[in-house]
Amino acid sequence: MSCLITMSQKELNRLEAVQKIKDGRLSVVQAAESLGLSRSQVQRLLQAYERDGAPGLVSRKRGQPSNRRHSDEFRNAVLDLIRDRYHDFGPTLAREKLIELHQFAIGKETLRQWMTEAGIWTSRRERKQRIYQPRARRDCLGELVQIDGSHHWWFENRGPKCALLVYIDDATGKLLHLRFAPSENTFDYLQATKTYLEEWGKPIAFYSDKHGVFRTTHASEKDRTSGLTQFGRALYELNIDIICANTPQAKGRVERANRTLQDRLVKELRLRGISTLDDANSFAPEFMADFNARFGREPRNPKDMHRSLAEHENLDGAMCRKEVRTLSQSLTLRYDKVIYILDPADYAKTLVRQKVIVCDYPDGRLEIMHEGVTLPYRTFDTLRSVHRPQVVENKRLDDILSVVAEMQAGREQQRSKGGPRRTGQKDHMFGIRDGSTANGYQKRGGKPGRRTDFVNDPAVIARREKALLSQPAAE
């Protein structure tokens, strides 16, 4: 009975035919035709059945290695090569490189089997999805505040795509601050955090993702703010920690809130006809009050962990971009391709070759500080074009200036690549285009709302017909 279980369907069909021949119900010729074998092969099956019974019909190659199998030396050489150079390649791509670069001919599925047995490759079915277990809420308000930026068509087809900076408390699930901004950028986060701190106070820590505003991976040892972004440096000055999550699931509170906001807040903005950032920011407090009344919950501990600002802490002075510069002999320094010339006062003259701090504020102000003292200055923008008078004959200087002006007119003028992107800054002195319109990550996607069919637009049809009529007729 155990032999019948190990027999294949092909072998069971042969056993049935042989038994019918032995019983006289089937001739050898008929059995050969039904099995697709020759008469001599059927005779050999009869002899094997008479000698060994049913086990005699089982293939003797069962459990034996194939005659076309690769040698163990070849298999080990291929696996060693994959471990050394292609450890993160899939079987299909690894086979292509083995054939292309090493002239190792091997089947794709054979290589997949070898890599699976060696533990180099795991099939998709065997890969276990990572499990994210729930984390308990914090006990107190202000103990941990999750922050995130949500890029979305918040105004649908009434306005541009923008980002919503969301501050939500981990213990209560309440929205503590909302700010609409063109993108996720340092200046908007500084402004939003400043407003949050003025209203609520200092939390124990902020919980964010690994956006470039919050985390840097290429800090310089020579920089006094080494290892910190401008936003992280501002929080450090105020004794507030920032924690970066490894996965979106780790800060699920704010991620789920973003989905809710993308549903409810979009519709509330539509009902009120709001289509600008300023109007949306004015409506945000009203929406937060209604949202918190519906979805907020009481903390397990009624204590508020928000702290007041200490006497030595300057909120306005911390919430800005700070750069360190060395003052030259002529009391000048450069910042974002602008030369700052300090007034030659007695105090400024003592600061030659010393470090000063350039404070670039979100509202467009710019101050030069040294140990808490603001230094007056005037500016000379190196990117401004040369303004020359009317051409005067026999003046070689004017000819040179005309050449320089033409060169500057054709030169692409932009600020320093290492300088700040000023998407969220208003009324600043850096008026020349700096590429900040493309700053911030924008998810791809079509603009919501009904699309206009320009092909059937009467105005477009009229312009097209006018253009066709203006073309010269073909001869």
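Colleague: Which residues do ring pairs link into a cluster?

Modeller: F283, F287, F291 and F295 form a cluster linked by ring pairs. Bear in mind that this is a predicted model.

Colleague: How many aromatic pairs does the structure hold?

Modeller: There are 16 aromatic pairs. One of the rings' neighbours is worth a look: Y335 and Y340 have ring centres 6.5 Å apart and planes at 45°, so that pair is tilted.

Colleague: Is Y335 buried or exposed?

Modeller: Y335 is buried, because its relative accessibility is 2% and the cut-off for buried is under 20%. Y340 is at 0%, so Y340 counts as buried too.

Colleague: What sits over the ring of Y361?

Modeller: The charged end of R365, 4.0 Å from the centre of the Y361 ring.

Colleague: Changing topic. Which residues of helix 3 are buried?

Modeller: Helix 3 runs over residues 28-35, and V28, A31 and A32 are buried there. Their arc around the axis is only 100°, so they lie on the same side of helix 3.

Colleague: Why would residues three or four places apart point the same way?

Modeller: An α-helix has 3.6 residues a turn, so residues at that spacing point the same way.

Colleague: And what does the face turned away from the buried side of helix 3 carry?

Modeller: That face has E33 and S34, which are exposed.

Colleague: What covers the buried residues of helix 3?

Modeller: The cover includes helix 2, residues 9-23, and helix 4, residues 39-52.

Colleague: At what angle do the axes of helix 2 and helix 4 cross?

Modeller: They cross at roughly 85°, and the axes come within 10 Å. That angle makes helix 2 roughly perpendicular to helix 4.

Colleague: Which residues meet there, between helix 2 and helix 4?

Modeller: From helix 2, the residues are R14, L15, V18, Q19, I21 and K22. They meet V42, L45, L46, Y49 and E50 of helix 4.

Colleague: Now the whole protein. How many helices and strands?

Modeller: The protein has 15 helices and twelve strands.

Colleague: What share of the residues count as buried?

Modeller: 37% of the 475 residues.

Colleague: And what share of the contacts with a separation of 6 or more comes from residues 24 or more positions apart?

Modeller: Those residues account for 65% of such contacts in the protein.

Definitions and conventions: Residues are numbered from 1 along each chain as its sequence is written. This is a predicted model: local features need pLDDT of at least 70, side-chain atom pairs count only at pLDDT 80 or more; totals for chains, interfaces and linings use all residues. Side-chain values use heavy atoms; hydrogens and water are left out. Rings of Phe, Tyr and Trp (its six-membered ring) pair if their centres lie within 6.5 Å; planes under 30 degrees apart count as stacked, over 60 as edge-to-face and the rest as tilted. Buried means under 20% relative accessible area, exposed over 50%, partly exposed in between (1.4 Å probe, protein chains only). A charge sits over a ring if NZ of Lys or CZ of Arg is within 6 Å of the ring centre and within 35 degrees of the ring normal. Helices (H or I, at least four residues) and strands (E, at least two) are DSSP runs, numbered from the N terminus. The arc is that of the directions from the helix axis to the C-beta atoms. Contact means heavy atoms within 4.5 Å. Axes are lines fitted to C-alpha atoms, for helices over the stretch in contact, and angles run from 0 to 180 degrees between N-to-C directions. Angles under 35 degrees count as roughly parallel, over 145 as roughly antiparallel, 65 to 115 as roughly perpendicular and the rest as oblique.
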